[in-house]
Amino acid sequence: MTIDTSIVEEGEELARPSQAPATGVVTAAPRRSSRGPRKFLFLRNSKAITGMAILGFFLLIAVIGPYIAPYDPSARSDDILQPPSWEHWFGTTHLGQDVFSQILVGTRGVIVVGFVAGILATTIGVIVGVTAGYVGGLGDESLSVLANVFLVIPQLPLIILIAGQLPTVGGVTVALVIAITGWAWGARVLRAQTLSLRRRDFVEAARANGERTWRIITAEILPNLTAIIAAGFVGTVAFAVLSLITLSFIGIGITGEWNWGTVLYQAQSQLALQRGAWWWFVPAGLCIALLGMSLTLINFGIDEFVNPRLRSTGLNAKSLRKRGIRPRIGFTPVVYEAKEDRS
Amino acid sequence: MRFFLRRFAFYAITFWAAVTINFLIPRLLPGDPVSALIAMNQGRISTDAIEALRTLFGLDQDVSLWQQYVDYWALLLRGELGISFTYFPTPVTEVIQQALPWTIGLVGIATILSFTIGMLIGTGIGWRRGTWADSLLPISTFFSSVPYFWLALIAISVFSVTLGWFPASGSYDRSLVPTWSWEFIGSVIYYGFLPAMTIVISSIAGWILGMRNMMVTVSSEDYVTVAQAKGLSERAVMFGYAARNAVLPQVSSFALSLGFIVGGTLVMEIVFSYQGIGYFLFTAVAAKDYPLMQGIFLVITLAVLFANIVADFVYGVLDPRTRQEG
């Protein structure tokens, strides 16, 4: 909920320095720029809006879920393996538990672990990536090797290995393990971008002015990285959610607490498939897919916001045809082209 | 050559890091599950095996950490990974040996298929962007956000339970003897079809999206315009100029996302009870079989590293710049 405004502000900041890479916010088609003030440009992207709306819905459920759940998710009843009905919207389990309540209550665990892991991993990623890109030389070499090592080592088996050997696993522990293994992608992208920012004129000017390194990084470089950091954060949250659910699905993880993965774990271990109890595993999966899709859509929005080439191609076929444009190769309907400089 | 030397050094470091992580995890984490297991199996394990387990899990408190580390490496280089508790008293290496061909066959073929098909579709969509082809994007977004194992659940419930076309679990007909006969191979393909298709469908979306976006970026480059201006056929420009360049970042991202894909497909094996590494990892986790877990992690990392080396080699062949001297 807080995230949407922050991304908009970040996007606006990114657009301000004229040297910023490939922002080209002004390059929006003129028809569009007449609508509303420029700072809501990010929110005019239909993909981003859809994503935000779905994410907002799940955040709301995460907060109020346990209060609006019609039943206690663990309470047994006599309605065993009932298909969806008015009493049980998503049917019941082999013990007569209400699947709908399980999913409502389980949303909180998923969202909390996802965001905690996302915040932690992004922090590590920013520290490592920006340091590597800014310092350069040997420090850069060793930090990027570190990031690449963590990228190449298969994360899920590593998470399973660590979580499987812990005596007790709580939500925060899982988030921590996911963050430790999942920060590398963001760091890699940030390093590349910092590297290209480091030699820009405005950074050189700040350096010539005798600004401290700390200030150059926080005041000159970081604001220009916000879109990428936001994209990395969203991506990491998606990764963390998937990892948490996978962990719960194979039976590692938070015991005695509901999340979508534990619902699926029970469905799988109680042979829901063979009993034809589709209502047991379909809703949880669809929730995961919806949440994942909303995060992907937000990321598309950020991508198209940052890279005008993608944005223009994001115009759909109908609107292009309306403007009498036949899409072809070598053709990018950007009003005046922003130089692509994303090394 | 410098490119390959650098990459080789990198893989050596990664391997070292993986082994060291494996060494440190049981030593850093609280609790001491393995000595309990050893005590439980007292008298059934040979003294040699106990010795190996003590080294693997750092139970020799009187030895310095460095000495433990040296012993650990010595043990690994001899190919010893301890014994599995679940499949007592089979050594971990033997369990992995049985499982590995199945995983490499299933995951390898499915991943290569999905990469190739994804590249082709992505090229097509990227080339005809702004047409009906773009409507495939939301669908692929959906598939890229669904966890692999959930698709597997759906596939089983539709194709095995409801329609009864494919078996829901296992990797070949149990009444057959594993030999190189047509009957057996046919049965393996029959049993492997559903898991392989599920892997392809769930992982293909990422490739389509990546390739599509790269095609869009590349196709507005000058050399594509020049190729068009020369009057080359659409097909020649699409594959020879645009796709040829767009595929490069895809190959390197293939290498990097391999670890993620492998992780997802391992869970797939669990759902299908496919007797590969993932299934054994699952049983190891359920039975708290720590030696098997650690051994499997090492082997998976090795396999991913090897696949990375292959991807690097392909990249070197595709991109002449990497072969440049100096």
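Tutor: Let's take helix 9 of chain A, which covers residues 184-198. Helix 9 has 15 residues and reaches 21 Å from its first C-alpha to its last, close to the 21 Å expected at 1.5 Å a residue; the expected span is 1.5 Å times one less than the number of residues. Helices here are DSSP runs of H or I with at least four residues, strands are E runs of at least two, and both are numbered from the N terminus. The model is a predicted one: local features need pLDDT of at least 70 and side-chain atom pairs count only at pLDDT 80 or more, while totals for chains, interfaces and linings use all residues. Residues are numbered from 1 along each chain as its sequence is written, and chains are lettered from A and ligands numbered from 1 in the order in which they are written.

Helix 9 of chain A is mostly covered, with 11 of its 15 residues buried. A residue is buried if 20 or more other C-beta atoms, placed from the backbone, lie within 10 Å of its own, exposed if 12 or fewer, and partly exposed in between. Among the buried residues of helix 9 are A:W185, A:R188, A:L190 and A:L197. The buried residues of this helix pack against helix 5 (99-135), helix 6 (137-152), helix 10 (201-208) and helix 11 (213-249) of chain A.

Helix 11 leads us onward. In chain A, the axes of helix 11 and helix 12 come within 7 Å and cross at roughly 30°; axes are lines fitted to C-alpha atoms, for helices over the stretch in contact, and angles run from 0 to 180 degrees between N-to-C directions. That makes helix 11 of chain A roughly parallel to helix 12 of chain A, a term for angles under 35 degrees. Where they meet, residues of helix 11 including A:L244 and A:F249 touch residues of helix 12, among them A:W260 and A:Y265. Two residues are in contact if their C-beta atoms, placed from the backbone, lie within 7 Å.

A:A272 is buried, because 24 other C-beta atoms lie within 10 Å. Leaving aside neighbours within four places in sequence, A:A272 is in contact with A:A267, A:A277, A:W280 and A:F281.

Stepping back, chain A has 15 helices and 0 strands, and 51% of its 343 residues count as buried.

How values were computed: Parallel < 35°, antiparallel > 145°, perpendicular 65-115°, else oblique.
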